[in-house]
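The sequence and the structure come first, and the description follows.

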Amino acid sequence: MQTYLAGRDMITTQEWTLDELNTVFSVAEDLKRKRAMGVPHPYLRDKVLAMLFFFSSTRTRVSFEAGMAQLGGHAEFIDSRTTQIKHGDTGKEIGEIIGRYCDGIAIRQTDWGLGNKYIRGVAEHSRTPVLNMQCDHFHPFQALADMLTIFERFRGDVRGKVLNVSYAYAKSYIKPISAPQSLMLLATRFGMNVRLTRPPEFELMPEYMDQARENAYKSGGSLEVLDDFDAGFEGADVVYPKSWGPLLTTTDDEEAAKISEKYKDWIADERRMALTRDGMYMHCLPADRNIEVTDAVIDGPQSAVYDEAENRLHVQKAVMALTMR
Ligand code: CP
């Protein structure tokens, strides 16, 4: 267990050692237990987290804000529509200034080609920890919550379990690739057999594919790439079919929509769930119901989506308590 993580940024889990990540999970379990038992845990009394949102959110905003209150501190909601953060305030200024006002800076900036660079720019100039609430490359707190949910399901024994991280069709908007990318990177650290199932136009970033392969090699797990939606479900212990944009193929919204239309039948349904090994259905939400996943699956007995969403709160509190003290 690591006992000194004060001041650390969380931009990608890849930059944290296994021991440090296990510390996060251990603290998250402790905080989850304390909340269940009604035990106060104000480890961040009088501390302030600035939450900068360049893109909207439901779960991320509510869970970070609730988490800071439960830790005895306060979270400030700073929205790009009602402040200057999108026109004029540079990453350096945000890091320097908000880093002096607050004890942590959490940022959601998902613009393709921009988000990760911006967050790293703020981190370079901030004296307080920077927490990535989702960028164009990573969604680390989602992956931590996903992994905690998987640990809980298998009582920690995840080695060799098959996790299918899969594309699914959706049409509401072009979703970032950060959630599947982060989960693939994290699950391969823990010896899971990870399948990435996606049509040819929906590749993830090559450097993170390489990292995931190396993770799998070191952990004794595996990484396999499939392009057959049904095959991804076969014998899987966990399935995570969700939509993302064909961002490495095109950044044009109309062309992306046209490509996506070819895969309308990539929907998680009961027939596909029956191919799994009583697999757990996961999704970070929001999902396009009856397009990306049927109601019968997302509301069915194999679905873990609410436990998964709850775990956002616990892992985020763990990282905040460890880094912002
Ligand atoms: N899963 C997730 O990040 O949800 P929000 O976009 O609502 O925060």
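In what follows, buried means under 20% relative accessible area, exposed means over 50%, and partly exposed lies in between, with a 1.4 Å probe and protein chains only. The model is a predicted one, in which local features need pLDDT of at least 70 and side-chain atom pairs count only at pLDDT 80 or more, whereas totals for chains, interfaces and linings use all residues. Residues are numbered from 1 along each chain as its sequence is written, and side-chain values use heavy atoms, with hydrogens and water left out.

**Overall architecture**

The protein chain has 12 helices and 9 strands, where helices (H or I, at least four residues) and strands (E, at least two) are DSSP runs numbered from the N terminus. Its radius of gyration is 19 Å, close to the 20 Å that the globule rule gives for 325 residues, so the chain is as compact as a globular protein of that length; the radius is taken over C-alpha atoms, and the rule is 2.2 Å times the number of residues to the power 0.38. Along the principal axes, the C-alpha atoms fill a box of roughly 50 × 45 × 35 Å, and 59% of the 325 residues count as buried.

**Salt bridges**

A salt bridge is a side-chain nitrogen of Lys or Arg within 4 Å of a carboxyl oxygen of Asp or Glu, and by this rule the count comes to 21.

| Pair | Closest N and O atoms |
|---|---|
| R8 and E20 | 2.9 Å |
| K218 and E214 | 3.1 Å |
| D269 and R272 | 3.3 Å |

Because R8 lies in the segment before α1 and E20 in helix α1, their pair ties together parts that are 12 residues apart in sequence. R8 is partly exposed, with a relative accessible area of 25%, while E20 counts as buried at 9% relative accessibility. K218 and E214 are 4 residues apart in helix α7 (residues 206-219), so they are separated by about one helical turn; K218 is exposed at 65% relative accessibility, and E214 is partly exposed, with a relative accessible area of 44%.

E254 has its place in helix α9 (residues 253-261) and is exposed, with a relative accessible area of 68%. R45, in the loop between α1 (18-37) and β1 (48-53), is exposed with a relative accessible area of 55%. The C-alpha atoms of R45 and G73, which are 28 residues apart along the chain, are separated by 4.9 Å.
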